[in-house]
Amino acid sequence: MSTKILPESDIRPDLSHGDGDHERFAHYVEKNKIMESAFSGTPVRALCGKVWVPNRDPQKFPVCPECKEIYEGLPKGEDNNNE
């Protein structure tokens, strides 16, 4: 019988949905959550359910159709700009 020791691997939790489509869009998230994530590095949750740590310019991507549909269905308030 032989025993092999495998090297430790850098295992990180998969915070995306895994379908890849979410990576192609900019998502709607509460403004205060974006700021909190920028300081702490904690993941945020978009209206569509995508969970990730924002690290790219959302203006370079089209808006997520699912987030947009949910956002447009929300009641209008004084400050409802959650981009």
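Let me start with two tyrosines: both Tyr-28 and Tyr-71 are buried, where buried means under 20% relative accessible area, exposed means over 50%, and partly exposed covers what lies in between, with a 1.4 Å probe and protein chains only. Before I go on, please keep in mind that this is a predicted model, in which local features need pLDDT of at least 70 and side-chain atom pairs count only at pLDDT 80 or more, while totals for chains, interfaces and linings use all residues. Residues are numbered from 1 along each chain as its sequence is written, and side-chain values use heavy atoms, with hydrogens and water left out.

Back to the tyrosines. A search of the whole structure finds one aromatic pair, and here rings of Phe, Tyr and Trp (its six-membered ring) pair if their centres lie within 6.5 Å, with planes under 30 degrees apart counted as stacked, over 60 as edge-to-face and the rest as tilted. The ring centres of Tyr-28 and Tyr-71 are 4.7 Å apart and the planes stand at 10°, so this pair is stacked. Tyr-28 lies in the segment before α1 and Tyr-71 in helix α2, residues 65-73, so the pair ties together parts that are 43 residues apart in sequence.

A charge sits over a ring if NZ of Lys or CZ of Arg is within 6 Å of the ring centre and within 35 degrees of the ring normal. On that criterion, Lys-76 lies over the face of Tyr-71, at 5.4 Å from the ring centre, and the charged end of Arg-56 sits over the ring of Phe-61, 3.9 Å from its centre.

Now for the overall layout. The chain has two helices and two strands, in the order α-β-β-α from the N terminus; helices (H or I, at least four residues) and strands (E, at least two) are DSSP runs, numbered from the N terminus. Of the 83 residues of the chain, 22% count as buried. The accessible surface of the chain comes to about 6,900 Å², of which 52% belongs to carbon and sulfur atoms, the areas coming from the Shrake-Rupley method with a 1.4 Å probe, and for residues only the protein chains shown count as cover. Taking contact to mean heavy atoms within 4.5 Å, residues 24 or more positions apart account for 52% of the contacts in the chain with a separation of 6 or more.

What does the largest nonpolar core contain? It has nine residues, namely Tyr-28, Val-29, Val-44, Ala-46, Cys-48, Trp-52, Cys-64, Cys-67 and Tyr-71, and a nonpolar core is a set of buried Ala, Val, Leu, Ile, Met, Phe, Trp, Tyr and Cys residues joined through side-chain atoms within 4.5 Å. Within helix α2 we find Cys-67, which is buried at a relative accessible area of 0%. Not counting residues up to four places away in sequence, Cys-67 touches His-27, Tyr-28, Ala-46, Leu-47 and Cys-48. With the neighbours within four places left aside in the same way, Ala-46 is in contact with His-27, Tyr-28, Val-29, Trp-52 and Cys-67.

Let me turn to Phe-61, placed in the loop between β2 (51-52) and α2. Phe-61 counts as partly exposed, at 30% relative accessibility. Apart from neighbours within four places in sequence, Phe-61 is in contact with Glu-23, Arg-24, Phe-25, Ala-26 and Arg-56. For Arg-24, which is 37 residues away along the chain, the C-alpha separation from Phe-61 is 6.6 Å.

Finally, helix α1, residues 31-40, where Glu-36 is found. Glu-36 is partly exposed, with a relative accessible area of 43%, and, leaving aside neighbours within four places in sequence, is in contact with Gly-41 and Thr-42. Leaving aside neighbours within four places in sequence, Ser-37 is in contact with Thr-42, Val-44, Val-53 and Pro-54. Ala-38, also found in helix α1, counts as exposed at 62% relative accessibility.
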